[in-house]
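Please read it with the structure open.

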Amino acid sequence: MADAPPAAPLLLASTSPQRRAILEQLGIPFDVIAPKYDERDVEAQNALRIVQEHAQGKARSVVDDADGRPVIGVDTAVVLGGEVFGKPGDAGEAERMLERLSGQRHAVISGLCLLTPGWEFADADTTLVAVRTLTPRDLAAYVASGDWENRAGAYAIQGRGAALVESIQGDYLNVVGLPASLLVRVLAERFAGVYGFG
């Protein structure tokens, strides 16, 4: 019996190096394309809806370039007390965000959209992250490191931001930037055996 042909690479609608690294870590074949989607267009006020709509928007924006392959769109938000923390615009904003997160437990919510010519799946996963109480010296050192740049919530748990975190509850890779357990579950259900799961 001949071996099955290799799985067609998924098309990741993201330029995030963290998302690429997670797919590589999981052994999932993929290609990358920049999404043609403006995140500011979403009307929803609920963080869960926002990340799901952004994930769908990203996936849908590149489906015409997919040649029938499954497309993945992902969006991640940091939420504290109902307020969504996006990517800080500068060091001052990063420090203010981190001051708010200090000593608190917040949610990291990632929306995932998996899109094929025949169906679309959209869902989200939440991980709870407790940040230790940060001193002014902690804040200054972290902000000076630049590790906060282009990071929702102004920290990167896979980088120096790990030192800010006291504990997490849920999928660690979700905090890095891709809800891996949710993706693996969907691949196992919808593509049993094709991508190594199910």
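1. Arg49 first. With 38% relative accessibility, Arg49 is partly exposed; that class lies between buried (under 20% relative accessible area) and exposed (over 50%), using a 1.4 Å probe and protein chains only. Arg49 sits in helix H2, residues 47–62. Helices (H or I, at least four residues) and strands (E, at least two) are DSSP runs, numbered from the N terminus. Asp123 is 74 residues from Arg49 in sequence, yet their C-alpha atoms are 9.2 Å apart.

2. Basis of the values. The model is predicted: local features need pLDDT of at least 70 and side-chain atom pairs count only at pLDDT 80 or more, while totals for chains, interfaces and linings use all residues. Residues are numbered from 1 along each chain as its sequence is written, and side-chain values use heavy atoms, with hydrogens and water left out.

3. Overall fold. The chain has six helices and seven strands. Along the sequence they follow the pattern β-α-β-α-β-β-α-β-β-α-β-α-α. The radius of gyration is 18 Å, close to the 16 Å that the globule rule gives for 198 residues, so the chain is as compact as a globular protein of that length. That radius is taken over C-alpha atoms, and the rule is 2.2 Å times the number of residues to the power 0.38. The C-alpha atoms fill a box of roughly 65 × 35 × 25 Å along the principal axes.

4. Burial and contacts across the chain. Of the 198 residues, 49% count as buried. Take the contacts between residues at least 6 apart in sequence: 64% of them join residues at least 24 apart. Contact means heavy atoms within 4.5 Å.

5. More on H2. Is His54 buried or exposed? His54 is buried, at 6% relative accessibility. This residue also belongs to helix H2.

6. Ala55. This residue lies in H2 and is buried, with a relative accessible area of 0%. Beyond its neighbours within four places in sequence, Ala55 touches Gly73, Val74, Asp75, Gly111, Leu112 and Cys113. Ala162 is 107 residues from Ala55 along the chain, and their C-alpha atoms are separated by 26 Å.

7. The H3 and H4 pair. Two packed helices are described by the angle between their axes and the distance between the axes. Helix H3 (residues 91–101) packs on helix H4 (residues 136–145) at an angle of about 140 degrees, with the axes 10 Å apart. Axes are lines fitted to C-alpha atoms, for helices over the stretch in contact, and angles run from 0 to 180 degrees between N-to-C directions. H3 and H4 are therefore oblique to each other. Angles under 35 degrees count as roughly parallel, over 145 as roughly antiparallel, 65 to 115 as roughly perpendicular and the rest as oblique.

8. Handedness and composition of that contact. Ala91, Glu95, Leu98 and Glu99 of H3 meet Leu139, Tyr142 and Val143 of H4. Five of these residues are nonpolar, none is polar and two are charged. Here Ala, Val, Leu, Ile, Met, Phe, Trp, Tyr, Cys and Pro count as nonpolar, Asp, Glu, Lys and Arg as charged, and the others, Gly among them, as polar.

9. Asn150 is not a glycine, yet its phi is positive, at about 65 degrees. Asn150 is in the loop between H4 and strand S7 (165–169). With a relative accessible area of 57%, Asn150 is exposed. Ala154 is in the loop between H4 and S7. Phi of Ala154 is near 70 degrees, again positive in a residue other than glycine. Ala154 is buried, at 0% relative accessibility.

10. Helix H1. Glu24 lies in H1, residues 17–26. Glu24 is exposed, with a relative accessible area of 55%. Leu139 is 115 residues from Glu24 in sequence and 32 Å away in space, C-alpha to C-alpha.
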